[in-house]
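Welcome, and thanks for taking a look with me. Below is the model, followed by my notes on it.

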Amino acid sequence: MIKPSRLQGIFEMQRGKFRNLLTRNLVPGRQVYGERLFHIDGIEYREWDPESSKICAALHNGLSQIGLKPGDVALYLGCSTGTTVSHVSDLVGEAGFVFAVDLAPRVLRELIFIVEDRHNLAPILCDANRVDLLAKFVCQVDWLFQDIAQRDQVGIFQKNVNTFLKPGGFGVLAIKARSINVARAPKQIFLDVRRELEKSFTIVDYRELDPFQKDHALFVVKKALMAPLINVSEPKAQQFKASGIRGPTYPPTINLLRTTGP
Ligand SMILES: C[S@@+](CC[C@H](N)C(=O)[O-])C[C@H]1O[C@@H](n2cnc3c(N)ncnc32)[C@H](O)[C@@H]1O
């Protein structure tokens with residue numbers, strides 16, 4: 001039997017001792033990476049494989065949330081041939097959208113076939129480190145995921161979160177310890193990453209991905225909702241209050257409007 005899990009849009013099915021996770025297939029009848037399809041009450045579900053997807057591995061290891069919901073706009077850095085990004089596409093659904101970035105033309109060529117059917121997915125051939133180039137195509141997003149095996153994984157993630165993630169949005173970072181330093185113990189590297197991320201974000205959850213993905217970990221962070229009020233000069237605050245602008249484009253304004261009331 002397939003039933004909703006405690007996470008929005010993710011379903012579960014008990015098979016013996018093992019609990020399989022599934023997403024509702026946005027493109028019924030189509031597989032992406034040879035995953036099994038299941039049908040219940042006229043709805044098609046795709047099995048989500050924890051050995052092929054770090055988000056799924058983290059969920060199996062007890063991750064409490066990924067912060068993604070239907071209708072979200074997502075930025076996915078390191079999409080490869082589309083295994084996990086296809087599940088992200090299922091999760092945001094028709095009303096959502098996913099920018100899928102990779103720097104390897106070979107993998108992106110394969111993703112093109114998936115995109116033909118999945119109209120909420122846009123492949124972008126680009127280095128995730130080049131936020132200046134990405135900014136030409138990518139808008140502000142509700143959710144950001146990064147899975148790139150680069151030495152400066154954390155720096156690239158911070159740069160992208162600071163540039164593209166909306167205030168209050170969730171960022172998810174998959175870490176491959178051996179890409180950062182082969183000589184250092186993975187647990188020490190995960191600790192270094194935690195300390196670095198804590199300087200800028202709130203860490204919502206963290207899971208190591210063994211036994212599904214050796215020496216990998218996944219962090220879920222939340223970007224601050226608004227800049228501290230102390231950063232807002234009084235003349236600027238008055239100017240924004242007078243303009244009547246409300247919305248996420250100028251976070252301190254929301255705070256001012258809330259404290260003074262409409
Ligand atoms: C482990 S694979 C990603 C797997 C994928 N996230 C999934 O779960 O299906 C890492 C990908 O990151 C890409 N990559 C590495 N460095 C990158 C960078 N600087 N910018 C964009 N993509 C990068 C690689 O080309 C590779 O396809």
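1. First, some ground rules. This is a predicted model, in which local features need pLDDT of at least 70 and side-chain atom pairs count only at pLDDT 80 or more, while totals for chains, interfaces and linings use all residues. Residues are numbered from 1 along each chain as its sequence is written.

2. Let's begin with the seven-stranded sheet. Helices (H or I, at least four residues) and strands (E, at least two) are DSSP runs, numbered from the N terminus. Seven strands make an open sheet, ordered β8-β7-β6-β9-β10-β12-β11, with mixed pairing; two strands pair if DSSP finds at least two bridges between them. Because β8 (121-125) and β11 (202-208) at the edges each have a single partner strand, one side of each is left without a neighbour in the sheet. On average, neighbouring strands are turned by 15° against each other, direction ignored. (Axes are lines fitted to C-alpha atoms, for helices over the stretch in contact, and angles run from 0 to 180 degrees between N-to-C directions.)

3. Look next at β10 and β12. Strand β12 (residues 216-222) runs antiparallel to β10, and seven bridges join the two. Across this pair, A174 stands opposite L218 in β12. Helix α5 (residues 153-164) packs on the sheet, where it touches β6 (73-77), β9 (141-146) and β10, and its direction makes about 170° with that of β9. Helix α7 (residues 186-198) also packs on the sheet, touching β10, β11 and β12, at about 165° to the direction of β11. Contact here is between residues whose C-beta atoms, placed from the backbone, lie within 7 Å.

4. There is a second open sheet, with five strands in the order β1-β2-β3-β5-β4 and antiparallel pairing. Its edge strands, β1 (2-4) and β4 (37-40), each pair on one side only. The twist averages 40° from one strand to the next. Helix α2 packs on this sheet, touching β3 (18-24) and β5 (43-48), and its direction makes about 65° with that of β3.

5. How many residues of helix α2 (residues 83-92) are buried? The count is 10 of its 10 residues, where buried means 20 or more other C-beta atoms within 10 Å of the residue's own, exposed means 12 or fewer, and partly exposed lies in between, with C-beta atoms placed from the backbone. After α2 comes G93, whose phi is positive, near 70°.

6. Now the largest nonpolar core, which has 66 residues; A74, Y76, V98, A100 and L218 touch the most other members. Strand β10 (residues 165-176) gives the most to this core, with six residues. Such a core is a set of buried Ala, Val, Leu, Ile, Met, Phe, Trp, Tyr and Cys residues joined through C-beta atoms within 7 Å. Not counting residues up to four places away in sequence, the contacts of A100 include Y76, C79, V85 and L111.

7. Around the ligand there are 20 residues, and G78, S80, T83, T84 and A128 come nearest; the cut-off is a C-beta atom, placed from the backbone, within 6 Å. The elements giving two or more residues to this shell are α2 and β7 (97-102).

8. Finally, Q213 lies in the loop between β11 and β12. Is Q213 buried or exposed? Q213 is buried, with 21 other C-beta atoms within 10 Å. Q213 and K54 are 159 residues apart in sequence, and 7.2 Å apart in space, C-alpha to C-alpha.

Key. Contact = placed C-beta atoms within 7 Å.
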